[in-house]
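Me: Please take a close look at one part of this model and then show me what sits around it. Keep it brisk. Give each cut-off once.

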Amino acid sequence: GFRTDLASVPRIFWFIVPPYGRYTRPAVLHDWLYKWQHISRKDADGIFRRTMRELGVPLWRRGAMWCAVRLFGWIAWRKNRRQTW
């Protein structure tokens, strides 16, 4: 019953980072961590970055994706906090 949008990449950037790829499993895990918030947002973002590295996502792509979640992830984090509690 868990819903994910895979990598939450705005459509305009899909030519650089499509919503799925080698980073799909880390993105799903990251969505789950954001949904249930059993750990801090910073730790969830770090796990996202580490799992992308372990799955061989190129440095430039995982760096860009990690920066995006650090800059804009607070929006989803707050939304999920309101829905979970």
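Reply: L33 lies in helix α1. Helices here are DSSP runs of H or I with at least four residues, strands are runs of E with at least two, and both are numbered from the N terminus. The model is predicted, so local features need pLDDT of at least 70, side-chain atom pairs count only at pLDDT 80 or more, and totals for chains, interfaces and linings use all residues. Residues are numbered from 1 along each chain as its sequence is written, and side-chain values use heavy atoms, with hydrogens and water left out.

Is L33 buried or exposed? L33 is buried, at a relative accessible area of 10%. Buried means under 20% relative accessible area, exposed means over 50%, and partly exposed is in between (1.4 Å probe, protein chains only). Which residues does L33 touch, beyond four places in sequence? The partners are H38, I39, A44, I47 and W77. Contact means heavy atoms within 4.5 Å. F48 is 15 residues from L33 along the chain, and their C-alpha atoms are 9.4 Å apart.

Next, the loop between α1 and α2. Q37 sits there. Its relative accessible area is 15%, so Q37 is buried. Phi of Q37 is near 50 degrees, a positive value, and Q37 is not a glycine. Most residues other than glycine have a negative phi.

Now helix α2. T51 is placed in this helix. At 17% relative accessibility, T51 counts as buried. Setting aside residues up to four places away in sequence, T51 touches P26 and L29. K42 also belongs to helix α2. There the accessibility is 61%, so K42 is exposed. From K42 to R22, 20 residues apart along the chain, the C-alpha distance is 22 Å.

How many salt bridges are there? The count comes to 2. A salt bridge is a side-chain nitrogen of Lys or Arg within 4 Å of a carboxyl oxygen of Asp or Glu. R41, D45 and R70 are linked in a network of these bridges. Take D45 and R41 to begin with. Their side chains meet at 3.9 Å, N to O. D45 and R41 are 4 residues apart in helix α2 (residues 41-54), so about one helical turn separates them. R41 has 17% relative accessibility, so R41 counts as buried.

The other bridge joins R70 and D45, at 2.6 Å, N to O. This pair links distant parts of the chain, 25 residues apart: R70 is in helix α3 (residues 59-84) and D45 is in helix α2. D45 is buried, with 0% relative accessible area. R70, at 29%, counts as partly exposed.

Stay on helix α3. A64 is placed there, and at 41% relative accessibility A64 counts as partly exposed. What separates the C-alpha atoms of A64 and V17? The distance is 9.2 Å, although the two are 47 residues apart along the chain. R81 is found in helix α3 as well. R81 reaches 43% relative accessibility and so counts as partly exposed.

Which residues form the positive surface patch? They are R78, K79, R81 and R82. Patches are made of residues with over 30% relative accessible area and no salt bridge; like charges are joined within 9 Å, and nonpolar side chains (Val, Leu, Ile, Met, Phe, Trp, Tyr) within 5 Å. Lys and Arg count as positive and Asp and Glu as negative, while His and the chain ends are not counted. Each charge is placed at NZ of Lys, CZ of Arg, CG of Asp or CD of Glu.

There is a nonpolar surface patch too. I12, F13, F15, I16 and W60 form it, with about 600 Å² of accessible area together. Areas come from the Shrake-Rupley method with a 1.4 Å probe, and for residues only the protein chains shown count as cover. F13 belongs to the segment before α1 (24-36). F13 is partly exposed, at 44% relative accessible area.

Back to the start. L33 is buried in this picture, and W77 is among its contacts. D45 is buried as well, and D45 takes part in the network with R41 and R70.
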